[in-house]
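Dear colleague,

Please find the structure below, handed over for your own work.

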Amino acid sequence: MTLLDQFQLFLKAQGWPEWAYYTVPALAGIVVIIGVVLAAVIVYIWWERRFVARIQIRLGPNRCGPEGIFQPIATAVKILLKEDIVPANADKVLHFIAPIVVFVPILMIFAVVPFDRGAILVDLNVGIVYVIAISSISVIGIFTASWASGNKYSFISGLRSISQMVSYEIPVVLSIVGVVLMTGSFSMIKIVEAQTVPFILLQPLGFLLFFMGALAEMNRSPFDLLEADSEIVAGYHLEYSGMKFAMFYLGEYGMALAYSAVITTVFLSGWQGPFLPGVIWFLVKVMLVFSVIVWIRSMMPRMRVDQLMSFAWKAMLPMALINLLVIAVEVLVIPSLQWLMLIINFGLAAVLILLFSRIFTLGGGRVEV
Amino acid sequence: MRLTLDGEVITDVEPIVGYLHRGIEKLAETRTYTQIIPLTDRLDYLASMTNNVAYCMAVEKLGGIKVPERAEYLRVIISEMIRISSHLMAIGSFLNDCGAFFTPLLYMWREREKILDMCDMISGQRLLYNFMRVGGLSQDVPAEFITSVKKFVAEMPRYIDEYNQLVKENEVFLARSKGVGILPKETAIAIGASGPVLRASGMKWDVRKMDPYSVYDRFDFEVPTGQNGDCYDRYWVRILEMTQSLRIMEQALAQLPAKGPICADVPQFFTLPAGEVYGYIEAPKGNLGFYIVSDGSIAPYRLHIYPPTLINITAFADMVKGWKVADLILTFGSMDVVLGEIDR
């Protein structure tokens, strides 16, 4: 029974009218989720800036409040006060809608993320499928933004976004299927409860594939081709300013937060952990995943667009398929011997990664013109 | 630069230069020989010491001015220091163009900052030094300069190792830079390329070795070369050159005369005998030459600057055609372009 159900029962016992004890808890839940997500995004932005600064031997923002924690708020206020500029040859309507289409699905992902035992807005029985489906909507928003801006740099970014995100969706989904096979359910809560041993240990290869795919999905380095600042200036949000830019900015970090939460739930056993309350464990794990993302961002050069595609189709897809096959066989033959699965899957990951690093090479890429 | 694209593939490149044109060559005709030195600062503003040296050496060559020993050694030390600083900037911004989100750049700026501090120590400036004079230096270096250069030379190899750990074998970096933006040896020679760009294409040519000026013939150093002439080789040649520069600095520090004049006896206004001269040195970016035509007055009749970057960049369109947009940025970064030098 989730917290919302309890709230509903409580309202029922208080004698509230029937329409109210359905709508009030739902609205309350939505408001809480949006509040928590926005607050978390602000903490995230602060953490990324400070953490990257530490990696880059500098201090980072440290003037605004203790350790600069209020800097993102100052930034947000600054962005909101800026003039909202719509380019002359932009498609006005689409230009307005695009940031919303990017941002809203990211908030919707959090509806099915369990923050703690029972702390979930809706326990959908197809939770993980819902996450994958909803997160794909952002692509449409990004492409709309790039098209509506009427700018050639933005348009290149839009073309890249479609190919990149659609390609990386496939290994992401296939690596999730491995988890679903072991769990036997799409529900996020069931997935967490099934992890007596975190799936990162049982399916290391699946985790790596999902993590890399997630990096590509959220446009993080080394796959941040959509906003490659040295190549196409800022990509799809080049022509945006003020509130609309803030939506993209929040969207980018919201997406990172959402994927960190999904990785935590699916591979790092969610809220489970000894001693501490579940929600603390959840936040710690989310922060850990996010820190790894930031770490990679500050350390990796960017890939090229054709290398990106060939990496998805020639390396990640076959690996994901082999991984899925092996896990399916394991689930059929040795469903209860988890230690054996662990050994086999670690061996599989090592062999496949070594094999693919030998036979798969990036590079080249010249076309005769 | 005007690009024609087919999707992501570059079909045509047309460099458009001239936005930073300041008419330095024309301005020089109305200035005395000493007043031209600050103008040369503004050519390759990331290595303005070597610009000063190149110009002063051309004037000295025509005027037959003998530079004191101590000044020659200090010029060498300072030039090599600036070479390291310029290469650090080149590699850092190259990696940044690669998409490395400022981390390598900031690590390299840490050492560049030390060099800038040392330049500040001797000239009071951090970017445009205006330090060299015809016949030597404008003033003697303070004692703590020598100490801090010694400290820098001792520390720097460890930092170079650190850069190598950071990026040298990064898989993405290798995939992006190896085999990309190839400048074949023949083309490099044909266009008259010089500096690290030429050496990365496999041509062992360095003015310091081939036509030793100043006191470079007294030092033992090597000329690193690459094989393929791709972006990676240009990056790697610069790293190796920094090590060689450190070697030269170390030897120069050991041989540096402790005392002595730092400038020949050259008056503030002086005339050169009528005639022509071409003086050139190995600047961080390549073969930097000054061609001076003198009519015997206190100002040159004509001053022409032979900028390495402009020459190196002439083959650029052929290097990037058929590659992707991302490769263009990378190749451009690996050429180490400073626009102040392209548009004089």
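Domain bounds here come from an automatic or database domain assignment. On that basis, chain A splits into domain 1 (1-81) and domain 2 (85-360). This is a predicted model, in which local features need pLDDT of at least 70 and side-chain atom pairs count only at pLDDT 80 or more, while totals for chains, interfaces and linings use all residues. Residues are numbered from 1 along each chain as its sequence is written, and chains are lettered from A and ligands numbered from 1 in the order in which they are written.

Taken over C-alpha atoms, the centres of the two domains of chain A are separated by 21 Å. Domain 1 of chain A gives 20 residues to the contact and domain 2 of chain A gives 22 residues (two residues are in contact if their C-beta atoms, placed from the backbone, lie within 7 Å). On the domain 1 side, helix 1 (3-13), helix 2 (20-55) and helix 3 (71-80) of chain A each give two or more residues; helices are DSSP runs of H or I, at least four residues, numbered from the N terminus. Helix 2 of chain A supplies the largest share of that side, 12 residues.

Helix 2 of chain A and helix 11 (residues 242-267) of chain A have axes that come within 9 Å and cross at roughly 95°; axes are lines fitted to C-alpha atoms over the stretch in contact, and angles run from 0 to 180 degrees between N-to-C directions. The two helices are therefore roughly perpendicular (65 to 115 degrees). Helix 2 of chain A makes this contact through A:V37, A:A40, A:V41, A:Y44 and A:I45, and helix 11 of chain A through A:L250, A:Y253, A:G254, A:A256 and A:L257.

Yours sincerely

Methods: Parallel < 35°, antiparallel > 145°, perpendicular 65-115°, else oblique.
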